[in-house]
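Hi,

Here is the structure I promised to pass on. Please open it next to this email; my notes on helix packing follow below.

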Amino acid sequence: MNKWEDNRAWFLVIPVFIIVAFSAILPLMTVVNYSVQDIFGPGDRMFVGVEWFKEVLGDSRLHEALLKQFLFSGLVLLIEIPLGIGIALLMPKKGWGSSLSLVLMALPLLIPWNVIGTIWIVFTRPDIGLLGSFINGMGIPFDHTASPIQAWITLILMEVWHWTPLVVLLAYAGLRAIPEAYFQAAKIDGASAWAVFKYIQLPKMRGVLTIAILLRFMDSFLIYAEPFVLTGGGPGNSTTFLSIYLVKIAVGQFDLGPAAAFSLIYFLIVLLLSWLFYQVLQNAGKGGA
Amino acid sequence: MAQINLNKIAHSYIKNPKSDSDYALKLIDNIWDDGGAYALLGPSGCGKTTLLNIISGLLVPSKGRILFDGKDVTELPPEKRNIAQVFQFPVLYDTMSVFDNLAFPLRNRGFDEDSVKKRVLEIAEVLDLTPFLDKKAAGLAADAKQKISLGRGLVRSDVAAILFDEPLTVIDPNLKWQLRCKLKEIHEQLKLTLIYVTHDQVEALTFADKVVVMYGGEIVQIGTPQELFENPSHKFVGYFIGSPGMNFLPCKVDGNMAVIQDINGVMMKNNAIAQNVGIPLNDYLSKLASKASGHLELGIRPLYLRVHANEVNGSLKAKVKSLQDHGNFKILTAILAGHTLRARLDEEDKAIIGAEDVWLEFPIDWIRLFSKERLLK
């Protein structure tokens, strides 16, 4: 009798299974399906095994895109996390100043991603853009459509402008959650501001910073809309990140098989790295206990 | 180690306080002895934490000065005052080992590593923390964590006073007792001035030489646990100290008799002879009462109120409301002229159990009189 009642409970989970199946598993299986077949047309396909995976893994342009992707995510994390923590530390703790700075911080997060790209195209245009013409006016030739380095700088600036606020908001929430007694105790112990940061604020922010780093890593590793709008992957291939290259293969060249294999590898890389980050950060504060 | 002089201290959290009620601390003028163990006892919101923060330097009082050993420290920040504080919950540097936690205040003050090590080992020994020195502080139990918080205060040999802000709140009941004993031991060993904030009277009474009872932003009484119990100088102290609190009965004093008024203010009469029924007072109290103004109240501790199953000379008849068993004693609740009285019965009296009426005797030496909430003396 008890067993029967327990089994019936599975019916309650079925809706979730159906939703997950349609939203995640079925599309993913389609991709797996494509990645092992050569498709010539509707109903005209051939099983090719790991052929596409071999082709994709040997593609030097993919290697190049992957390297650029790591460089981009690395730079973004190195700038955004310390900057975000720094801004959060400087923000007013209470009163209207706190509300105002929170609203200002949240603004870039409220803008649709392709609009961000468009804003920055206008902002950095060498002829009429506020930033672009200002830099040119100072005598430094600036045109991100011509110089790969300048394209990178512009993209990273845009990314930092767009997403540092997320880190700020998370870090700020983490800081506000530290009980006042810690700061009072530190005062009594004669701790310097640096010691307070190192021994109280930073350890207490570990949880939120883990989330911030994971989110920022995943988002920056998957970045598409902004560089697509701002640079289109150029000049040359200098800002062709993984997702831009993937779309070129899938939509531009209509190579569905390699694109599917590429997608799966991409997905696994993100999954693996996120897991690694999570493990490292979770253990960071516990070592030696 | 220091004597603490609270010189006409008052504090308000409002910028421009107008009336008395704007003050969280009204007027406090007191000198606390060097090496004394003081407990600040009072209900939530009575101003005890405010006073503690003024002593520790986290708050600068709106009025008055505070002196440590005659030196004015009113404007000094906590780190310059040589005080240590233990908070309600353990405040630790989670990423550091127990040793580093204890060494932190010394290292911040630039002591050389040899003397830091010596002092930390010494204090760890006192607090029984030696086996944990290499462990991370974060992984320890709550009582060990509170000992580390305390240890960070003790390592500094220049500490004037250690302040405790309800430090046993998060500790398991069975460990509370242990930790309290440890505190007492440390106090005797190191002769530090200890100030202990709590709303738990048992903690206060067992910990302190002197208990400072606070109520509504004022110190209503400072005394030994015995003084507070036997001669509460304010009705609040009577209620707050002792479990259950003191019984109070409004009365009028006629010669050397206290005549109880019922809840409507009518004198209690003996129906048979239509005469006022009173409780005999000693000469000292009747003299005090004759000089006192305003409404008088008679107070007696439940412990001293005697209960009889039959009428005895000078006793008053009361209706039994309930009899509660508290293990090794019982609490009898009875109604006398509409007032609820409680009595503590330590001995088993079969005749009282199940009785509808009892006779209450008020031992003459344990009666106290209050006027305008204050003890007559």
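Axes here are lines fitted to C-alpha atoms, for helices over the stretch in contact, and angles run from 0 to 180 degrees between N-to-C directions. Please keep in mind that this is a predicted model.

Chain B first. Helix α4 (residues 142–154) of chain B and helix α5 (residues 173–190) of chain B have axes that come within 11 Å. They cross at roughly 15 degrees. Angles under 35 degrees count as roughly parallel, so α4(B) is roughly parallel to α5(B). The crossing is right-handed. From α4(B), the contact uses Asp143(B), Gln146(B), Lys147(B), Leu150(B) and Leu154(B). From α5(B) come Leu175(B), Leu179(B), Leu183(B), Ile186(B) and Leu190(B). By class, that contact has 7 nonpolar, 1 polar and 2 charged residues.

Now chain A. The axes of α8 (residues 148–176) and α11 (residues 206–221) of chain A come within 9 Å and cross at roughly 160 degrees. That makes α8(A) roughly antiparallel to α11(A). This crossing is right-handed. Residues of α8(A) in the contact include Trp163(A), Leu166(A) and Leu170(A). Among those of α11(A) are Ile211(A), Leu215(A) and Arg216(A). The contact of α8(A) with α11(A) counts 9 nonpolar, 2 polar and 3 charged residues.

One more helix: α5 (residues 96–106) of chain A. Gly97(A), Ser98(A), Ser101(A) and Met105(A) are buried there. Their arc around the axis is only 100 degrees, so they lie on the same side of α5(A). Trp96(A) and Val103(A), on the other side, are exposed. The buried residues of α5(A) pack against α4 (60–90) and α8 of chain A.

Best wishes

How values were computed
Residues are numbered from 1 along each chain as its sequence is written. Chains are lettered from A and ligands numbered from 1 in the order in which they are written. This is a predicted model: local features need pLDDT of at least 70, side-chain atom pairs count only at pLDDT 80 or more; totals for chains, interfaces and linings use all residues. Side-chain values use heavy atoms; hydrogens and water are left out. Helices (H or I, at least four residues) and strands (E, at least two) are DSSP runs, numbered from the N terminus. Angles under 35 degrees count as roughly parallel, over 145 as roughly antiparallel, 65 to 115 as roughly perpendicular and the rest as oblique. A crossing is left-handed if the near helix is turned anticlockwise from the far one by less than a right angle, and right-handed if clockwise. Contact means heavy atoms within 4.5 Å. Ala, Val, Leu, Ile, Met, Phe, Trp, Tyr, Cys and Pro count as nonpolar, Asp, Glu, Lys and Arg as charged, and the others, Gly among them, as polar. Buried means under 20% relative accessible area, exposed over 50%, partly exposed in between (1.4 Å probe, protein chains only). The arc is that of the directions from the helix axis to the C-beta atoms.
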